[in-house]
Amino acid sequence: MKTKDKKINNTSEESCEIMDNKNIKKRKSKDESPIKEKKKKQKKMKENSDVNEEASSCPSTKIDKEISNGNVDDRKKMNQPTSTVNNIEFSSLQGVISDNTLRAINDMGFKDMTKIQARSLAHLLEGKDLLGAAKTGSGKTLAFLIPAIEMIVKKKFTQNDGTGCMIISPTRELASQIYGDIEKLMKYHSQTYGLFMGGNSERRLEAQKLTDGVNIIVATPGRLLDHLQDAKNFKFKNLKCLIIDEADRILAQGFEDTLKKIIKILPKKRQTMMFSATHTEKLKALKSFALKDEPIYVGVDDDEDEATADGLDQHWIECPIDKRLLLLIRFIQLYGKKKVMVFFNSRMSVEFHEKFFTKMEIPVMSIHGDQKQTKRSTTMDKFSEAKFGVLFCTDVAARGLHIPNVDWVVQYDPPDGPKEYIHRVGRTARGEGTTGNALLILQPHEKTYLVELENARVPVTEFNINWKKLPVVQIQEALEQFIDGSYEFKNLAKNAFIAYIRAYNSHQLTYIFNFSKLDINKTAKSFGFNKPPKVDLGISVNFRRVKN
């Protein structure tokens, strides 16, 4: 039995504004978080700070001339995490890097270096091993691509020389994005480069390209190891540079053994660069395995009072689980003409919510790890090029990807911890001088999560809402009608319900996200069921039940 799709009429933003932003601004000025207060108190101290272990190793380049001319207080501040590197232009590298690379950088529209670029380029151009740590969106990609390309160019690599540089990336999306930057930087160079990853890529064709010779390759860990082990004529003995990007995420995805196998196969005499947004114990172990005994360390944000971008306004809102969908729909009605990313903790939840919003004639896009690569790439390109739109996604879109002009990041499901939170909100306010907004939705028993964020130097303020403005009955009835009228949609809702419970059960912060605290009736209602469906959750659950 088919049901007629319903459309929710958008009312004016002025008359139905549910988010009281004025109150937020007032609260910020009157009652700033301890992080903000601390930041103000330490501002002058940070400007005068003078600590740097690596300064003596910084080579004499035109970057140094910029420092000595007064753009930076002294040479020591080249790698100092707490100093401010201002107005160091890429043009200062004239005579240090090739004119063709400088020309390409200019074509890309870059004039001033970011902190991570200014503090790492000189070391990397000298061929030194380096571990770089900086907030997401800080310009890490150019920081490692410029010296890698310069090395290939100056050593006059040809196709017959094979691979001189390998770049390992955790996801296909990020690998594709890095490849796109290489294309732009190699615009005026003749060396070869290629992209090697899972998905729809053809291994035989890739293997043939590696046999022919590819000077710079970008690859995902699994696919690179496959070729190193199976492609008999893979020319990699002349490798001079290995780059591991988003190293912490590669490890978090379970590729530690894969990375170690790759590193064991590769030539030992090489330069290694490792970049990450966060530090973990596994990362420390990988550093000792992959890098030389005393690599240069550049951590531009280590002593910052906030772990997230300066231009990012972060908010949280308390919302009962059975009201979350209503809140999300109203939010998108109000901010649908902005660029919004909404994060869920499971692919099934992404699919369910995308299907429901589509039925309600509210346009959204989606991306998750189980989609075919062509679908994911097409969606990412479409969303990146759009002036506004809504993207439902899992954490496959949380790291490294540069999506221009994202206005809002909404975390419908809270991530495993502050580290994952930081990467998600890093999709907005990317780059120096940019701004963005983030909203975290928490159930009443989840508010201790705010303490975790505070401890991780993440400042958030409460977002006000007028619950009377939510069209409760209309949306809930529509959802239940869709489920009753469609076996396919009902099955999708069941799978999303199961996935939500399982994801909640596996949350790392179990003392906060304890699935036994969930109200099973309200949880089921949020997926369109009047009562919990009879399904096998695959876990032992002692839910809190509330009588209707």
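## Basis and overall composition

Helices (H or I, at least four residues) and strands (E, at least two) are taken as DSSP runs and numbered from the N terminus. On this basis the chain contains 20 helices and 14 strands. The structure is a predicted model, in which local features need pLDDT of at least 70 and side-chain atom pairs count only at pLDDT 80 or more, while totals for chains, interfaces and linings use all residues. Residues are numbered from 1 along each chain as its sequence is written, and side-chain values use heavy atoms, with hydrogens and water left out.

Of the 548 residues in the chain, 56% are buried. Here buried means under 20% relative accessible area, exposed means over 50%, and partly exposed lies in between (1.4 Å probe, protein chains only). A contact is defined by heavy atoms within 4.5 Å. Among contacts between residues at least 6 apart in sequence, 79% join residues at least 24 apart.

## Packing of helix 6 and helix 7

Helix 6 (residues 140-154) and helix 7 (residues 172-185) have axes that come within 11 Å and cross at roughly 50 degrees. Axes are lines fitted to C-alpha atoms, for helices over the stretch in contact, and angles run from 0 to 180 degrees between N-to-C directions. The two helices, helix 6 and helix 7, are therefore oblique to each other; angles under 35 degrees count as roughly parallel, over 145 as roughly antiparallel, 65 to 115 as roughly perpendicular, and the rest as oblique.

The crossing of helix 6 and helix 7 is right-handed. From helix 6, the contact involves Thr-141, Leu-142, Phe-144, Leu-145 and Ile-149, and from helix 7 it involves Ile-178, Asp-181, Ile-182 and Leu-185. By class, the contact of helix 6 with helix 7 comprises seven nonpolar residues, one polar residue and one charged residue. In this classification Ala, Val, Leu, Ile, Met, Phe, Trp, Tyr, Cys and Pro count as nonpolar, Asp, Glu, Lys and Arg as charged, and the others, Gly among them, as polar.

## Packing of helix 9 and helix 11

Helix 9 (residues 221-230) packs with helix 11 (residues 256-265) at an angle of about 40 degrees, and their axes are 10 Å apart. The crossing of helix 9 and helix 11 is left-handed. A crossing is left-handed if the near helix is turned anticlockwise from the far one by less than a right angle, and right-handed if clockwise.

Helix 9 contributes Pro-221, Gly-222, Leu-224, Leu-225, Leu-228 and Gln-229 to the contact, and helix 11 contributes Thr-258, Lys-261, Ile-262 and Ile-265. The contact of helix 9 with helix 11 divides into six nonpolar, three polar and one charged residues.

Phe-352 is found in helix 14 (residues 347-359) and is buried, with a relative accessible area of 0%. Not counting residues up to four places away in sequence, Phe-352 touches Leu-479, Phe-489, Leu-492, Ala-493, Ala-496, Ser-526 and Phe-527. Phe-352 and Lys-490 are 138 residues apart along the chain, and their C-alpha atoms are separated by 9.5 Å. Ser-349 also lies in helix 14 and is buried at a relative accessible area of 2%. Leaving aside neighbours within four places in sequence, Ser-349 is in contact with Phe-344, Asp-413, Ala-496 and Phe-527.

Leu-286 belongs to helix 12 (residues 281-290) and counts as buried at 1% relative accessibility. Residues up to four places away in sequence again excluded, Leu-286 touches Leu-251, Leu-259, Ile-263, Met-274 and Leu-291. Leu-286 and Asp-248 are 38 residues apart in sequence and 9.5 Å apart in space, C-alpha to C-alpha.

## Loop residues with positive phi

Lys-156 has a positive phi of about 55 degrees although it is not a glycine. Lys-156 is located in the loop between helix 6 and strand 2 (165-168), and at 67% relative accessibility it counts as exposed.

Arg-457, likewise not a glycine, has a positive phi of about 65 degrees. Arg-457 occupies the loop between helix 17 (449-455) and strand 14 (461-462), and its relative accessibility of 30% makes it partly exposed.

## Cysteines

The structure holds zero disulfides, a disulfide being a pair of cysteine sulfur atoms within 2.5 Å. Cys-165 is in no disulfide, and the nearest cysteine sulfur, that of Cys-241, is 4.1 Å away. Cys-165 counts as buried at 0% relative accessibility. Cys-319 is likewise buried, at 0% relative accessibility.
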